Amino acid sequence: MAREESTHRTPETLTEQQAERMLAGMNEVIRAGEEMRKLRAEMIKVFAGFGWTQERIAQLTEMSQPAVSKQMAKGRTDDPQPPIRLSLDQYDAPWLEGRLWALAEEISETVHETACCTRYVTALARGRKRFTPQNVDALRRLVEEDLRLHRAELPAGYRAAYDEISRGLDIPSKVTATGSASVRRSLAHQVQRALLQGDESSRKSG
């Protein structure tokens, strides 16, 4: 009986491994939340640079107008930066990473569960993975595999976009671009997705 009691005894503390596993998910959520708040604050300044009113920005961000005004005042300088260009022909690493991210999302949504890159795309979207050189390389390999496996299902424009992105990532531009890496990545992601979706709509209508 004594042996049985000792076998089922409730532990008095957690092991470091148990604590690490328990906190890992929490830390990811907290880190992602902090990063998203920082990115939103930077995007408010970008929108203001595009000439959008504080009222419109407040509506889009679901913030109060005084909060938007406060964020804009934090970044105000005597030497304002020019608005960020939204053309695809920019070849700094964050811009290219944003384009790659967009392409991977489009592939994932087009071929659904069979896409190799789906889990990676989900992890990036939820902040579980960051845009490190290693993660970007891994995403490139997954996108390449999807383009090979699902060639018949994907528009030719996807391969053309990937080839351009890949060439740029092999030798990224050294120029200093306007905006932080996270802002440029997010903007390139949206611009690339819009263009890929436009190409897909044209293909279907044709």
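Which residues have the most contacts inside the largest nonpolar core? They are Leu 100, Leu 103, Ile 107, Leu 139 and Val 143, in a core of 25 residues. A nonpolar core here is a set of buried Ala, Val, Leu, Ile, Met, Phe, Trp, Tyr and Cys residues joined through side-chain atoms within 4.5 Å. Buried stands for a relative accessible area under 20%, exposed for over 50%, and partly exposed for values in between (1.4 Å probe, protein chains only).

The model is predicted: local features need pLDDT of at least 70, side-chain atom pairs count only at pLDDT 80 or more, and totals for chains, interfaces and linings use all residues. Residues are numbered from 1 along each chain as its sequence is written, and side-chain values use heavy atoms, with hydrogens and water left out.

Helix 5 gives the largest share, 7 residues. Helices (H or I, at least four residues) are DSSP runs, numbered from the N terminus. Another core, of 17 residues, lies apart from the largest one and includes Phe 47, Ala 58, Met 72 and Ile 84. In soluble globular proteins, nonpolar side chains tend to be buried together.

Leu 103 is in contact (heavy atoms within 4.5 Å) with Val 143, Tyr 158, Tyr 162, Ile 165 and Leu 196, leaving aside residues up to four places away in sequence.

**Helix 8**

Tyr 158, Ala 161, Tyr 162, Ile 165, Ser 166, Gly 168 and Leu 169 are buried in helix 8. Seen down the helix axis, these buried residues fall within an arc of 160°, so they line one face of helix 8. The arc is taken from the directions from the helix axis to the C-beta atoms. Ala 156, Arg 167 and Asp 170, on the other side of helix 8, are exposed.

**Salt bridges**

The structure has 11 salt bridges, each defined as a side-chain nitrogen of Lys or Arg within 4 Å of a carboxyl oxygen of Asp or Glu. Side chains of opposite charge can pair when their charged atoms come close. Three of the bridges are listed here.

| Salt bridge | Closest N and O atoms |
|---|---|
| Arg 185 and Glu 97 | 2.9 Å |
| Glu 105 and Arg 193 | 2.7 Å |
| Asp 170 and Arg 140 | 2.9 Å |

Arg 185 forms its salt bridge with Glu 97. This pair links distant parts of the chain, with Arg 185 in helix 9 (residues 181-205) and Glu 97 in helix 5, 88 residues apart. Both Arg 185 and Glu 97 are buried.

Glu 105 forms a salt bridge with Arg 193. Here too the pair links distant parts of the chain: Glu 105 is in helix 5 and Arg 193 in helix 9, 88 residues apart. Glu 105 and Arg 193 are both buried. A network of salt bridges links Glu 105, Glu 106, Glu 109 and Arg 193.

Asp 170 forms a salt bridge with Arg 140. Asp 170 lies in helix 8 and Arg 140 in helix 7, so this pair ties together parts that are 30 residues apart in sequence. Asp 170 counts as exposed because its relative accessibility is 52%, whereas Arg 140, at 11%, counts as buried.

**Aromatic pairs**

There are 3 aromatic pairs. Rings of Phe, Tyr and Trp (its six-membered ring) pair if their centres lie within 6.5 Å; planes under 30 degrees apart count as stacked, over 60 as edge-to-face and the rest as tilted. Phe 50 and Trp 52 make a tilted pair, 6.4 Å centre to centre with 55° between the planes. Phe 50 is partly exposed at 29% relative accessibility, and Trp 52 is partly exposed at 37%. The ring centres of Trp 101 and Phe 131 are 5.4 Å apart and their planes stand at 55°, so this pair is tilted. Trp 101 lies in helix 5 and Phe 131 in the loop between helix 6 and helix 7, so the pair ties together parts 30 residues apart in sequence. Trp 101 counts as buried, at 14% relative accessibility. Phe 47, Phe 50 and Trp 52 form one aromatic cluster.

Glu 62 is not a glycine, although it has a positive phi of about 60°. Glu 62 sits in the loop between helix 3 (54-61) and helix 4 (65-74) and counts as exposed at 74% relative accessibility. Gly 33 is in helix 2 (residues 16-49) and is partly exposed, with a relative accessible area of 21%. The C-alpha atoms of Gly 33 and Gly 127 are separated by 8.4 Å, although these residues are 94 residues apart along the chain.

Note on methods: Helix = DSSP H or I, 4+ residues; strand = E, 2+ residues; numbered from the N terminus.
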